[in-house]
Amino acid sequence: MQQIADRYPQSRSALLPMLHLVQSVQGKVTPEGIELCSELLDISAAEVSGVATFYTMYKRRPVGDYHVGVCTNTLCAVMGGDLIFDRLKDHLDVGNDETTADGKITLEHVECNAACDYAPVMMVNWEFMDNQTPESAVEAVDKLRNGDDVHSTRGPRICTWREAERVLAGFPDDLADEGPAAGPASLAGLEIARENDWAAPGAGARPTERPEQATASTAEGAVEQADTRRAEAETKGDVDK
Ligand code: FES
């Protein structure tokens, strides 16, 4: 915990990752964890508690080995998110924000994860499972309960919720670059811009230029080229490790 606090010029900025670390060890935000954060950051327990109860990623009840969040926000809902959530509720015999009797799966409906281009989306421990159906969702949770490997549709093998919480606390598991992070649907706009020779005002490079052909004349342009190059590499699944 102290290691996290030491990363920030103002130690109270460490509260969010510290709460994730509490969850990775204790499976939820405990009174003991709140006291420790308060002590280390020299803020009141009420302030820590206020943050922990404000953000939905912090849990006051124990989470199962896998947190399954089904997006039921507008686009995902109309594309099948509501059906997926209802099917999982029946299949797992739990309600919203409840955990299966074997302690394996916690089901929760979640808000938009900015992955609408792959709706309907399900998140398992905050890894994307894109273009889901009720059947694929049931298959994924059954595999997780059986201890079989499940891979995010554009990320790594799904780890446990506690392991994911440790990563969110700032202790990488070196899996961040495993699998493509930006799929074709996310890059469709970029491709259309290239075909039509469109560019954003003030952009450092024309969209029809390959990043290696363009010469950035500004710092912003250089950043844009780097972002484009990385997105393309990730789409091909060959991002540098
Ligand atoms: S509405 Fe589901 S990811 Fe945006």
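These legends describe close-up views of a predicted model. Residues are numbered from 1 along each chain as its sequence is written. In this predicted model, local features need pLDDT of at least 70 and side-chain atom pairs count only at pLDDT 80 or more, while totals for chains, interfaces and linings use all residues.

View A. Two strands pair if DSSP finds at least two bridges between them. Strand 1 (residues 66-71) and strand 4 run antiparallel and are joined by three bridges. Val68 stands opposite Val124 in strand 4.

**View B. Asn113 in a loop.** Asn113 is found between strand 3 (105-110) and strand 4 (122-124). With 17 other C-beta atoms within 10 Å, Asn113 is partly exposed (buried means 20 or more such atoms, exposed 12 or fewer, and partly exposed in between; C-beta atoms are placed from the backbone). The C-alpha atoms of Asn113 and Asn73 are separated by 8.9 Å, and these residues are 40 residues apart along the chain.

**View C. Helix 2 and helix 7.** The axes of helix 2 (residues 15-26) and helix 7 (residues 161-168) come within 8 Å and cross at roughly 155°. Axes are lines fitted to C-alpha atoms, for helices over the stretch in contact, and angles run from 0 to 180 degrees between N-to-C directions. The two helices are therefore roughly antiparallel (angles over 145 degrees; under 35 is roughly parallel, 65 to 115 roughly perpendicular and the rest oblique).

Methods
Helix = DSSP H or I, 4+ residues; strand = E, 2+ residues; numbered from the N terminus.
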